[in-house]
Amino acid sequence: MAMTQEEILTGLGEIIDEVAGVPADQVTPDKSFVDDLDIDSLSMVEIAVAAQDRFGVEIPDDQLKNLKTVQDVIDYVRGAGVSA
Amino acid sequence: MRLTEGPQGTRILAFGGYQPAKVVTNDDLAATVDTSDAWIRSRVGIVSRRVAGPDESLADMATAAGGKALAASGLSATDIDLVIVATCTPEAPIPNTAATVATRLGIAAPGAYDLNAACAGFCYGLATASDAVRAGSSRHALVIGAEKLSQWVDWTDRSTCIIFADGAGAAVVGPVTDPQAGPGIGPVVWGSDGGMADKIAIKDRNSFIVQEGQAVFRWATTALHPVARKACELAGVDPGELAAFVPHQANLRIVEAIARKLGAPQARVADDIVHAGNTSSASIPLALSRMTEHGEIGSGDAVLLLGFGAGISYAAQVITVP
């Protein structure tokens with residue numbers, strides 16, 4: 001069964017809280033990593049690594065620049081056809 | 001044929017460090033390239049770095065650090081019969097730096113060679129020196145990590161000129177002589193991956209140093225804490241017993257990420273990079289030297305070393321502070 005939008009959002013919130021110290025309740029789908037959450041390119045790598053551990057989806061470095069908002073990551077993870 | 005015999009265990013007798021006098025601050029760099037103090041601090045954790053003067057050679061810095069370690073060890077130059085200089089920035093392919101440094105320190109006719117494992121170089125040198133003493137090939141060895149990276153940095157490239165710096169650090173290695181004492185240098189865990197050779201490179205003699213920051217960051221923060229844990233396991237030291245963790249000072253964020261994943265809550269984590277910059281093979285002995293001088297680590301403390309960088313290469317071992 002594929003993970004839902006909500007499940008991935010909850011997971012991402014916890015990851016971003018741990019990696020970048022941004023409270024999970026601020027991690028909403030429309031937020032931009034750079035402009036709203038002040039997350040830089042190295043933190044994005046940490047988020048990608050943690051997301052791989054949690055969701056089983058590899059996000060390569062060359063894809064990171066395309067993932068500008070929280071929703072972009074949710075779509076990427078769901079698009080990879082992950083099962084829970 | 002007969003074989004030589006050596007002691008069961010080896011130890012570090014003393015450290016020594018040398019940094020050039022010239023301090024380059026983030027504001028100094030911001031005056032010439034498009035960057036800022038706040039940006040540099042947040043991305044790499046560096047506040048200032050040291051850069052060698054125009055007439056200050058790699059051998060000068062290596063000799064200064066090696067001389068301090070030798071003096072602090074209580075040995076005389078005649079006791080040293082092996083000199084290893086770990087460097088990726090030698091002034092020339094030949095002669096090597098080690099023989100020059102040995103002669104300047106009054107060490108007569110030692111085995112002397114340079115070793116290039118980039119930022120892992122000091123840990124490689126420490127391992128090979130320790131093995132040489134254990135095998136009876138050497139009585140006491142001087143291991144130096146020294147770099148003059150400033151001459152390979154494009155000072156108009158804001159992605160690299162903020163990181164790299166110059167300096168040297170050294171350690172004297174010898175046998176364990178106290179029958180009550182255990183070994184002071186643990187087994188090395190080392191390795192490499194030439195498939196990632198292009199991630200950090202100086203491609204030829206006319207090139208500057210380049211690195212793919214995100215790729216290096218991902219590798220360093222995912223592949224290395226198991227290496228560090230394995231070094232603890234082979235030494236029989238639980239990470240919770242470590243007094244300090246001294247990884248290569250690549251980038252403060254890499255240092256902190258590896259430390260977090262290592263899980264050594266009691267360990268003081270070296271942050272020498274803040275005022276030393278990334279000095280490649282010199283960073284670990286420089287940090288050890290400073291931490292010893294400032295009393296941040298004391299005699300008998302177990303400290304985990306982890307070198308890693310271009311190659312890609314890496315090496316880790318647990319040591320006991322002299």
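Which residue just after α9(B) takes a positive phi? I found G295(B), at about 75°.

I noted first that this is a predicted model, in which local features need pLDDT of at least 70, side-chain atom pairs count only at pLDDT 80 or more, and totals for chains, interfaces and linings use all residues. Residues are numbered from 1 along each chain as its sequence is written, while chains are lettered from A and ligands numbered from 1 in the order in which they are written.

**Secondary structure.** I looked up the elements of chain B and got nine helices and 14 strands; these are DSSP runs (helices H or I, at least four residues; strands E, at least two), numbered from the N terminus.

**Helix α9.** I checked residues 283-293 of chain B and found nine of the 11 buried. Buried means that 20 or more other C-beta atoms, placed from the backbone, lie within 10 Å of the residue's own. Among them are I284(B), L286(B) and L288(B).

**Whole chain.** Of the 322 residues of chain B, 56% count as buried. Along its principal axes, I read a C-alpha span of about 60 × 45 × 40 Å.

**Core.** I then looked at the largest nonpolar core, which has 137 residues. Such a core is a set of buried Ala, Val, Leu, Ile, Met, Phe, Trp, Tyr and Cys residues joined through C-beta atoms within 7 Å. C123(B) is one of the residues with the most contacts inside this core. Helix α6 (residues 213-235) of chain B gives the most to the core, nine residues.

**C123(B).** I listed what C123(B) touches (C-beta atoms within 7 Å), leaving out residues up to four places away in sequence: the list includes V188(B), L305(B) and, from α9, I284(B).

Technical notes
A residue is buried if 20 or more other C-beta atoms lie within 10 Å of its own, exposed if 12 or fewer, and partly exposed in between; C-beta atoms are placed from the backbone. Two residues are in contact if their C-beta atoms, placed from the backbone, lie within 7 Å.
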